[in-house]
Amino acid sequence: MSKNVHPTMDPTKMGLGRSIAVLTSGGDAQGMNAAVRATVRVGLYTGAKVYFVHEGYQGLVDGGENICPATWESVSMMLQLGGTVIGSARCKDFRSRDGRMTAACNLVKLGITNLCVIGGDGSLTGANEFRTEWSGLLHDLVRAGRITDEEAKKSSHLNIVGMVGSIDNDFCGTDMTIGTDSALHRIIEVVDAITTTAQSHQRTFILEVMGRHCGYLALVTALACGADWVFIPEMPPDEGWENHLCRRLQDQRARGSRLNVIIVAEGAMSRDGKPISSEQIKKLVTDRLGFDTRTTVLGHVQRGGTPSAFDRILGSRMGVEAVMALLEATPDTPACVVSLSGNQAVRLPLMECVQVTKDVTTAMAEGRFEDAIKLRGKSFENNWNTYKQLAHINPPDVKSNINVAIVNIGAPCAGMNAAVRSAVRMGIIQGHTMLAVHDGFDGLAHGQIEPIIWTSVSGWTGKGGSMLGTKRSLPGKMLEEISMNIAKFNIHALVIVGGFEAYVGGLELVQAREKYEEMCIPMVVIPATVSNNVPGSDFSIGADTALNTITSTCDRIKQSAAGTKRRVFIVETMGGYCGYLATMAGLAAGADAAYIFEDKFSIKDLEVNVGHLVEKMKTTVKRGLILRNENSNANYTTDFIFNLYSEEGKGIFDCRKNVLGHMQQGGTPTPFDRNFGTKMGAKSVLWLTEKLKECYRHGRIFANTPDSACVLGMRKRALTFQPLADLKGDTDFEHRIPKTQWWLKIRPIMKILAKYNIKLDTSEHADMEHVIKKRSPLGK
């Protein structure tokens with residue numbers, strides 16, 4: 001991030017006299033509508049004119065009614081719709097120079113010189129070619145008398161910015177493309193449904209997912225459901241894989257598993273480039289093993305349905321960044337693509353990303369499969385390594401004589417079990433004995449500790465809640481008993497999975513090291529709580545599932561007002577004092593306001609919000625949504641806000657209130673939480689294994705340095721271990737939240753998209769970065 005060149009520029013005037021057109025092209029993806037909505041609204045907010053281009057590039061060529069002005073209301077109620085409302089089409093005409101000339105003529109006539117393209121790499125390459133040819137096209141149009149010299153002068157330069165909408169996540173340079181998370185939601189829904197029937201009949205299921213050239217969906221699905229095998233185009237199986245696969249399936253059955261799951265990407269192939277189809281695998285398993293085998297090809301189901309909360313927020317954030325990139329562009333800046341790295345929006349040169357994406361295909365064609373995986377980026381590589389470690393290795397014959405205990409602390413949340421499962425299996429692979437502690441620190445104090453084996457955690461990734469049992473109590477008053485049990489059960493390391501109590505409990509154990517030598521063992525805290533309030537991590541396991549629950553509930557609530565009109569809903573969310581859920585759900589559900597503890601508000605603000613809704617009711621959009629975090633203000637309670645809005649809105653709108661409550665802690669984990677939990681669990685045990693080697697002295701383990709007790713957290717772009725003690729300074733213990741929270745920076749986006757005339761801070765913006773240097777396997 002860097003300081004802007006024009007820090008003094010008023011963002012509401014940045015777009016005056018400019019025109020922006022937005023189009024969606026190529027295959028549709030859930031979340032495209034969120035990106036269109038954000039582009040339109042932020043464009044209008046900057047003072048620019050915004051146009052829809054219907055039916056992708058075809059609409060650009062056909063012109064006429066296909067290119068029409070967009071208004072604020074025209075993008076209302078779009079957020080929760082899948083696909084693309086403005087249509088998309090494959091376009092032959094745009095591939096010819098004549099077609100592009102006609103498209104240029106249509107844009108010049110309307111004075112449009114800024115184009116925002118949402119699509120895959122083909123669509124974005126086409127946009128770049130259009131930009132490169134622009135001056136030549138205008139020259140020819142003037143010669144042919146289709147436009148005047150004056151018109152050509154006014155539109156002498158075309159700015160292009162791309163957003164990647166593709167369910168395959170096949171574009172290099174971004175961690176996630178718009179639509180990928182939603183496609184995973186569809187796949188996991190199917191996997192969960194299939195698992196129950198497969199278990200009833202002891203069947204093998206082969207599931208084919210989309211991904212002609214990219215195995216991302218297949219890989220993450222395999223991680224998220226604990227599949228027995230995955231076929232992806234980037235890494236074909238070794239020679240003789242048929243024997244290996246059959247052996248694996250037999251082993252799993254011998255271990256007591258009632259089902260086998262095999263995931264196949266549609267582009268799966270063998271080392272010699274021959275396709276591997278689901279039917280071929282089915283024949284192999286049936287002929288060799290005689291297992292009852294079924295195949296399911298998911299097809300276009302993956303593109304459909306409502307976008308997940310992640311895709312709506314991603315689309316909205318990218319839309320904002322895209323408009324800023326367009327308005328800040330000069331004739332010298334290369335066409336850029338807005339992408340996501342960790343939780344940051346970044347700008348990357350479009351053609352560099354396209355080049356790396358092509359390099360992956362070349363690497364695969366030339367049989368350089370290790371390179372292909374590296375070129376896909378860090379996130380893909382981490383997924384592949386975690387999958388390999390958890391699926392492909394048989395537990396060693398030699399035991400390490402190390403006992404690692406796992407405990408769940410605090411309120412239950414979805415994804416805890418995925419973390420426990422991968423930690424247990426990774427520990428067994430390392431040769432450790434894994435111990436399950438039931439019912440939190442109480443269980444550790446009362447000796448509710450037992451060995452947990454490979455098959456004990458089968459099928460845990462998809463289970464909500466906490467299978468080990470969890471409690472909120474802290475260890476402070478039970479230190480004596482806990483230290484005795486650490487000695488009695490010979491515990492050498494501890495994995496603590498939980499929320500803010502897990503962090504505070506971990507600190508109490510570390511502080512007790514002075515008095516109790518038994519506490520001098522390596523410990524790691526894995527943040528898992530719907531509130532997302534653990535210091536040291538931008539995300540907690542469980543928050544994504546809760547966010548999706550709130551968002552889908554808000555969708556239903558908004559829909560219920562469609563018939564009645566003029567209704568405002570006040571919805572209370574969980575989160576303790578942390579406003580993450582309220583803010584992010586506000587962005588994902590299109591709320592008019594979200595009241596949170598971190599962003600103080602007064603009666604004046606409440607008045608402004610009521611006035612804003614009164615104005616909104618005069619438009620065609622006759623419903624409102626207000627979110628309130630449960631602890632946002634001790635006096636302005638949900639009832640108070642409900643009463644205030646009801647009184648002030650008399651005769652204009654009526655109000656309803658909903659307290660969502662514990663439904664936010666339940667449900668099956670989302671793909672993100674399963675994947676995140678799996679990676680965190682595996683990484684924590686690998687770290688503990690290394691730490692144990694460092695701390696082994698004179699035949700015993702002794703760990704008393706601050707860095708032997710850490711929080712494993714997601715920080716911007718990487719998973720990092722941070723000592724518990726170092727995070728104390730950044731923690732507000734009274735309100736149980738970190739003092740710095742990254743998501744507060746994206747709160748203004750929600751207000752702008754709800755038509756508040758506030759100032760967007762453009763002083764800190766995403767600078768153009770480079771993809772090739774970072775991603776190339778040679779540079780690593």
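**Close-up views of a predicted model**

**View 1. T84 sits in a loop.** T84 lies in the loop between β4 (67-69) and α3 (97-110); helices (H or I, at least four residues) and strands (E, at least two) are DSSP runs, numbered from the N terminus. This is a predicted model, in which local features need pLDDT of at least 70 and side-chain atom pairs count only at pLDDT 80 or more, while totals for chains, interfaces and linings use all residues. Residues are numbered from 1 along each chain as its sequence is written, and side-chain values use heavy atoms, with hydrogens and water left out. Is T84 buried or exposed? T84 is buried, because its relative accessible area is 16% and buried means under 20%, exposed over 50% and partly exposed in between (1.4 Å probe, protein chains only). Leaving aside residues up to four places away in sequence, T84 touches T24, D28, M32 and N33; a contact means heavy atoms within 4.5 Å.

**View 2. Helix α16 and its buried face.** In helix α16 (residues 479-488), the residues L479, I482, S483, N485 and I486 are buried. Seen down the axis of α16, these buried residues fall within an arc of 165 degrees, so they line one face of the helix; the arc is that of the directions from the helix axis to the C-beta atoms. M484 and K488 are exposed on the other side of α16. What covers the buried residues? The cover includes α15 (440-446), β15 (449-451) and α17 (500-511). Just after α16 comes N490, with a positive phi of about 55 degrees.

View 3. The 14 residues of α14 (residues 416-429) should span 20 Å at 1.5 Å a residue, and the end C-alpha atoms are 20 Å apart, which agrees. The expected span is 1.5 Å times one less than the number of residues in the helix. Among the buried residues of α11 are L350, C353 and V354. G367 follows α11 and has a positive phi, near 75 degrees.

View 4. How many aromatic pairs does the structure hold? There are 19, where rings of Phe, Tyr and Trp (its six-membered ring) pair if their centres lie within 6.5 Å; planes under 30 degrees apart count as stacked, over 60 as edge-to-face and the rest as tilted. W687 and F721 form a stacked pair, 4.7 Å centre to centre with 10 degrees between the planes. This pair links distant parts of the chain, with W687 in helix α22 (residues 671-694) and F721 in strand β25 (residues 718-723), 34 residues apart. The charged end of K600 sits over the ring of F597, 3.6 Å from its centre; this needs NZ of Lys or CZ of Arg within 6 Å of the ring centre and within 35 degrees of the ring normal.

**View 5. How confident is the predictor?** The protein chain averages a pLDDT of 92, and 96% of the residues score at least 70; pLDDT is the predictor's confidence in each residue, from 0 to 100. Over residues 1-7 the pLDDT is below 50. Where pLDDT is low, the predicted coordinates should not be read in detail.
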